[in-house]
Amino acid sequence: MKSILPVLTIIGAILLLWVLAVIPMNMHLTADQAQRDGLVVSPDTPNARQEYSGFGLTLRNPALITATFVQERPRLPSPHQVAVEMWNTIVLQKISSKRSLVYHGWVTLSATLLGFGIGTSLGILLAVGIVYNRAMDMSVMPWAIASQTIPILALAPMIIVMLGSIGIQGLFPKAIISAYLSFFPVVVGMVKGLRSPDGMQLDLLRTYHASPSQGFWKLRLPASVPYLFASLKIGISASLVGAIVAELPTGARAGFGARMLVGDQYGQPLVTWAALFAAAITAAALVGLFSLLERLTLRRMGMVQA
Amino acid sequence: MSQQTIIHAQGLDLTFQTNDGPVHALKDVSLEINKGDFVSFIGPSGCGKTTFLRCMAGLETPTAGQLTVNGMTPEDARRARAYGYVFQAAGLYPWRTIGGNVKLPLEIMGFSKAEQAERVARVLELVDLAGFEKKFPWQLSGGMQQRASIARALAFDADILLMDEPFGALDEIVRDHLNEQLLQLWARTEKTIGFVTHSIPEAVYLSTKIVVMSPRPGRITDVIESPLPKERPLDIRDSAEFIEIAHRVRDGLRAGHDE
Amino acid sequence: MSQQTIIHAQGLDLTFQTNDGPVHALKDVSLEINKGDFVSFIGPSGCGKTTFLRCMAGLETPTAGQLTVNGMTPEDARRARAYGYVFQAAGLYPWRTIGGNVKLPLEIMGFSKAEQAERVARVLELVDLAGFEKKFPWQLSGGMQQRASIARALAFDADILLMDEPFGALDEIVRDHLNEQLLQLWARTEKTIGFVTHSIPEAVYLSTKIVVMSPRPGRITDVIESPLPKERPLDIRDSAEFIEIAHRVRDGLRAGHDE
Amino acid sequence: MIWAGIIGALGIWAVGWFINTRLANGPQSSTRFVQLLVPIIFGVTLLLMWEWLVRMLEVSAVILPAPSVIGERLMQEGPRLWADFEQTVIKGAATGYIIGGIAAFGVAILADRSEFLTRGILPVGGFMAALPIVGTAPIFVKWLGSDWESKAAVVGVMVFFPILVNTVAGLRDTTVMQRDLMRTYGAGYWPTLFKLRLPAAMPFIFNGLKIATTLALIGAIVAEFFGSPTVGMGFRISTSVGQLALDMVWAEIVIAAIAGSSLYGLMAWIEGRVTFWHPSQRK
Amino acid sequence: GENDVTLQLQWVTQAQFAGYYVALDQGFYEAEGLDVTILPGGPDIAPPQVLAGGGADVMLNWMPSALAAREKGLPVVNIAQPFKTSGLMLTCWKDSGIESVADFPGKTIGVWFFGNEYPFLSWMAQEGIPTEGGEDGVTVLKQGFNVDPLLQRQADCISTMTYNEYGQVLDAGVSPDELITFMYEDQGVATLEDGIYALEENLEDPVFVDKMVRFVRASMEGWKWAEENPEAAAGIVLDNDETGAQTEAAQVRMMGEIAKLTAGSNGALDPADYQRTVDTLLAGGSDPVISAEPVGAWTSIITDAALN
Ligand SMILES: Nc1ncnc2c1ncn2[C@@H]1O[C@H](COP(=O)(O)OP(=O)(O)OP(=O)(O)O)[C@@H](O)[C@H]1O
Ligand SMILES: Nc1ncnc2c1ncn2[C@@H]1O[C@H](COP(=O)(O)OP(=O)(O)OP(=O)(O)O)[C@@H](O)[C@H]1O
Ligand SMILES: Cc1ncc(C[n+]2csc(CCO)c2C)c(N)n1
Ligand SMILES: [Mg+2]
Ligand SMILES: [Mg+2]
């Protein structure tokens with residue numbers, strides 16, 4: 001709660017910068033348009049105007065400033081344009097309509113959640129393997145790192161085609177790509193977490209002659225919970241990015257990714273920007289949800305104080 | 001006296017292999033501990049007290065020598081759940097309540113639910129923590145946490161209690177109080193206790209046998225059988241006998257240091 | 001006696017605001033410390049010893065009352081680099097060698113390179129750590145680390161030395177040794193020392209003035225001026241005078257506990 | 001055929017696994033050599049399985065080429081792969097990484113001066129980091145053109161937030177005692193920054209730098225999908241897919257993975273040198 | 001099954017593919033007893049790869065890309081050619097000083113890759129203009145799938161389709177007077193676009209051939225319906241657009257332009273068009289698309305059966 005004012009301040013500063021940037025960013029297009037509409041613009045040919053920076057052009061044509069904020073295809077839309085577009089596509093549309101961002105959000109979210117589930121389970125299993133098996137410990141990690149340096153956008157179409165060739169289509173291929181991005185933070189975090197019990201905590205169980213599975217359930221797993229949540233928060237936003245990436249090569253049918261692509265391809269920047277922001281808001285909400293779960297769980301487990 | 005020997009160590013040697021070369025932690029350590037003994041280990045930092053305690057508990061394996069516990073190897077004794085071990089720090093699991101922490105060994109050893117509850121209540125009572133069952137460790141002071149860890153070691157009624165500086169972090173008054181309680185418990189239950197401490201008065205006050213150790217390499221320099229009676233009020237510490245034993249321990253320690 | 005008052009506390013009050021409500025850590029604390037005094041603070045856990053020491057060092061601000069150090073506010077005295085402070089734990093910076101840690105305050109205070117080297121060598125010698133200059137903290141035992149932190153506080157010759165349980169983690173022999181050295185240093189340099197401890201013998205052995213505190217809320221229950229001479233061999237601890245003061249301290253402590 | 005393929009692959013797996021288990025639990029397991037050997041054997045096992053499966057199941061080369069074919073391509077296309085590497089990694093990713101890193105570091109130091117700014121920047125930074133690259137990349141290409149400048153910008157923005165958030169968190173990761181020590185010396189802001197907070201923050205900063213290496217490479221490559229000159233790893237990947245030259249695609253992927261892992265390794269190595277004192281770096 | 005057909009498009013749902021959506025919507029496929037699934041494409045989808053993987057039975061593709069796939073060892077065969085004319089063109093700013101192809105040297109030109117660069121490279125090779133930049137060559141950009149490089153003046157010319165990108169440039173407020181365009185058709189380097197392709201091995205199966213015959217017949221019926229009812233066809237496309245981001249105006253205009261390209265075709269491939277495409281590609285510059293005259297790259301058995 002103490003963060004609300006600072007966050008609002010930062011957001012305010014960013015909005016201000018954004019608004020200021022809109023003017024020079026859109027000035028060339030605005031000047032071209034103004035000239036076509038018969039206004040006097042200086043200098044008076046588009047080619048000559050290319051010689052000026054957006055800023056310089058603004059100084060020579062201050063009268064055009066207001067027009068930069070209402071371009072139909074701006075280079076940089078103004079915040080209110082994005083807000084209006086989001087209002088129109090989130091609030092004013094029936095959520096079952098394909099013009100509604102809520103609908104597209106759900107399409108992306110379902111792949112995200114499925115992928116996140118797969119990625120998290122895989123990540124936890126790998127982490128358990130790494131912690132309990134020395135050979136796995138030594139062999140898997142470098143390859144897990146390497147796997148994350150592969151550009152997913154290059155891999156995604158192949159995954160889709162390969163899964164398509166064995167008859168798997170729809171949600172699942174997207175979820176696989178999303179899982180590919182989210183398993184890594186979970187592995188890293190869980191390995192750390194499962195290894196977090198100190199020598200004394202482990203020795204205590206040895207004095208009881210506890211079995212390895214008792215050691216897992218009663219010590220390593222609970223001790224790893226804070227690490228797990230930290231990884232889940234990174235993993236869920238990675239999952240979302242994965243689902244969005246996967247929406248391009250699955251035929252760009254629906255979802256935030258499809259909106260971004262189509263908005264870009266058909267010269268509708270507002271569609272792209274609205275989808276971008278909706279995606280970031282979704283990510284923030286998911287992360288927020290996990291933070292909440294984290295707080296509740298850790299409090300119930302007695303691992304945070306008060 | 002036909003006392004039953006519980007722990008029998010003969011010529012123990014233990015060397016740790018480290019990056020900086022080997023560390024000779026225990027050298028030619030021989031000791032007999034009888035049933036019902038209260039044995040204190042005292043010595044400068046790094047002399048191998050913890051290491052020896054861990055050997056007895058089967059948590060560390062000597063590189064040479066013989067060590068039997070109840071006539072078996074420490075490993076087997078551990079499997080038979082012969083030990084209650086209290087570590088230097090409380091080491092409670094932060095995600096378990098005090099009750100949950102004390103219950104942990106009982107769960108692992110498969111006691112019935114009813115028995116678990118009954119034992120938890122009993123040992124918490126014993127260490128004066130009745131009513132704190134539902135609290136989490138961080139809601140308790142350091143002293144209370146340490147008492148909870150003692151309760152945890154007592155819960156399953158192991159014959160041998162090994163305690164590694166259990167009262168190191170407590171202030172003198174609380175410490176006195178816990179010393180008294182520990183003596184009472186020991187008198188009542190006839191457990192065999194191994195106890196590490198840095199405090200000479202504590203060692204003298206509690207023990208039937210004081211083992212003085214010296215470092216580099218860790219070995220036993222003196223074993224003092226205490227002539228004090230089993231019944232020990234706190235002011236026994238002002239008696240001449242007490243002060244004499246304390247002197248002998250201090251001299252032993254200083255000899256180890258000055259070498 | 002026309003002694004110079006260094007620290008003057010009058011009716012100090014300090015309340016921490018926490019989630020669970022306010023904690024009254026200090027209540028109506030008044031104390032005078034003169035130049036060259038060795039003042040020990042003793043009292044049960046949580047009675048406000050650390051808090052009071054921190055107030056004197058200007059690390060905590062009292063909610064009410066007056067506190068001056070050398071006639072200025074503690075803040076100003078801190079800026080004038082009047083304090084050497086030894087924390088309860090060694091708190092060495094792990095990325096610096098022992099020498100580097102001791103050098104830290106000297107760098108900050110702008111001593112010349114040559115002087116830095118000279119002082120580091122001198123204080124390390126003083127705490128028996130010559131030769132360990134190049135080692136990193138984790139390569140030393142806890143006791144050595146604590147000694148390094150004492151060297152760090154001594155390096156820049158502050159007039160006031162505040163020490164918060166500096167010897168808590170050490171074994172008795174090392175502790176005795178450091179106690180002796182601290183007394184020598186104090187006698188030689190005429191520093192003013194504030195010293196927190198849990199050990200009654202330690203407090204009595206070292207101090208010219210023993211402040212007994214009691215908790216909830218933290219306040220001073222007794223101030224004992226020691227009649228012991230400035231020159232104190234270790235075996236002064238067996239003298240009747242010593243034992244009498246120790247008794248008085250213990251009684252004061254117990255009273256605080258039983259309330 | 002299918003069964004032969006699957007059983008053979010499992011056989012290869014079993015052999016690799018057997019060797020690794022022996023090595024990992026053997027007496028030499030903590031030597032440097034074995035620690036390198038084990039992951040290599042693991043990788044070779046995977047490659048052999050891949051080769052075997054592709055051959056036995058007769059997977060079309062336009063879907064998944066065999067490692068041997070990819071290897072051949074790697075050998076043949078040296079100059080072209082190098083040109084692509086230069087364009088994407090050296091001009092795009094490295095420039096962006098350095099600019100983004102310096103900017104993040106600078107902002108972190110500025111923000112750190114005020115608790116207020118820090119509180120505001122961390123959540124907003126988290127939000128910005130969640131902007132998916134497939135949305136931001138086309139925007140930067142639109143703004144800065146097709147050449148490496150737009151790629152560097154995408155990379156800069158991608159690495160900015162992890163480094164920022166980690167640095168800010170790191171600068172705050174000092175204990176009360178460590179800070180109080182500085183206060184007892186009457187140390188001001190700068191000595192405290194240089195002698196306490198920065199060294200203490202290093203493990204966090206390197207965490208951010210390591211995460212950022214993989215992001216930088218991915219960012220530079222993916223951004224080329226949305227417009228590029230006729231050179232670059234992303235350009236080559238996207239056009240080669242169109243030409244069904246999957247061996248070339250995989251050759252580029254191999255280069256990307258090697259470059260990414262080496263950068264990561266380099267960062268980890270520097271981290272080891274700089275934060276040698278941190279418990280996680282000690283044995 | 002013997003009546004199931006999956007069609008892989010080469011781009012997202014738009015009026016470029018109206019015929020197929022119309023046939024689906026108007027029940028032409030159903031009338032042929034077919035159950036057709038249409039898979040939209042996207043910037044990362046290579047339809048031949050999907051075909052090779054078995055993810056689709058037929059695909060739409062540009063002939064240069066399909067012939068290249070043949071040379072890569074993926075034998076795809078053109079079974080029908082609903083698009084007669086090429087809609088591909090370069091759109092340039094007039095004020096960049098370009099009046100003819102001779103003015104290209106020194107200019108920056110945006111080109112689609114992904115198999116679509118071949119006609120451009122052939123053309124430049126024929127004109128003798130290097131594509132490696134410099135004073136007397138052109139600088140080639142891999143163009144994303146929008147017209148921003150032109151609008152932002154990062155390129156002097158970009159690739160456009162008559163039916164889509166060119167309209168977008170106009171939508172951005174640019175008047176045709178400010179532009180100069182070069183139709184590939186007019187430059188003699190037109191290659192065949194949007195043909196229907198299937199795998200050679202499948203065509204040996206009479207059941208598959210029969211399915212394709214019905215498919216092509218129904219599809220052509222769809223195309224003709226779309227040509228006659230452009231507004232309704234655009235509406236059908238809009239209904240099938242799952243992104244919900246397409247606008248009616250753009251799709252109606254696109255349908256109008258598409259109709260011009262399909263107008264001259266009844267679905268059968270004109271061998272002369274094929275030969276011109278192959279010749280253009282074989283004439284290609286340093287990096288020829290195809291190195292030899294393809295054999296068996298098209299067949300008329302389907303259209304012969306479908307159209308009689
Ligand atoms: N796991 C280990 N690896 C290497 N050396 C060890 C290990 N455990 C202990 N040592 C070394 O063995 C010696 C004895 O250590 P031990 O912990 O038994 O001492 P201690 O008497 O308990 O000391 P303290 O009073 O400080 O607890 C020390 O020198 C220590 O550094
Ligand atoms: N920063 C703080 N915020 C809230 N409460 C505090 C804070 N610091 C200390 N306290 C509380 O103030 C009281 C006095 O604490 P202080 O640390 O001074 O005790 P102490 O006498 O030094 O105890 P110990 O012997 O355990 O070190 C305690 O109840 C403690 O919980
Ligand atoms: C994967 C892929 N990307 C681009 C094209 C080129 N192309 C052909 S039609 C069209 C749409 C025009 O509005 C475009 C861009 C392609 N064939 N396949
Ligand atoms: Mg020990
Ligand atoms: Mg304290």
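Hi everyone. A salt bridge here is a side-chain nitrogen of Lys or Arg within 4 Å of a carboxyl oxygen of Asp or Glu. Keep that cut-off in mind for our opening pair, in what is a predicted model. The side chains of E:E185 and E:R276 come together at 3.8 Å, N to O, so with the limit set at 4 Å they count as a salt bridge.

Where do E:E185 and E:R276 lie in chain E? E:E185 is in helix α8, residues 184–187, and E:R276 is in helix α12, residues 271–282, so this bridge ties together parts that are 91 residues apart in sequence. E:E185 is partly exposed at 26% relative accessibility, and E:R276 is partly exposed too, at 27%. The two also belong to a network of salt bridges that links them with E:K84, E:D270 and E:D273.

Let's move over to chain B. There, B:R175 and B:E202 form a salt bridge at 2.8 Å, N to O. B:R175 sits in helix α6, residues 172–189, and B:E202 in helix α7, residues 200–206, so the pair joins parts 27 residues apart in sequence.

One more from chain B: B:K209 meets B:E225 in a salt bridge at 3.6 Å, N to O. This one connects strand β8, residues 209–214, with strand β9, residues 219–225, so it ties together parts 16 residues apart in sequence. B:K209 is buried, at 8% relative accessibility, whereas B:E225 is exposed, at 52%.

Notes:
Residues numbered from 1 in each chain as written. Chains lettered and ligands numbered in written order. Predicted model: local features only at pLDDT ≥ 70, side-chain atom pairs only at ≥ 80, totals over all residues. Heavy atoms only, no water. Helix = DSSP H or I, 4+ residues; strand = E, 2+ residues; numbered from the N terminus. Buried < 20%, exposed > 50% of the residue type's maximum accessible area, 1.4 Å probe, protein only.
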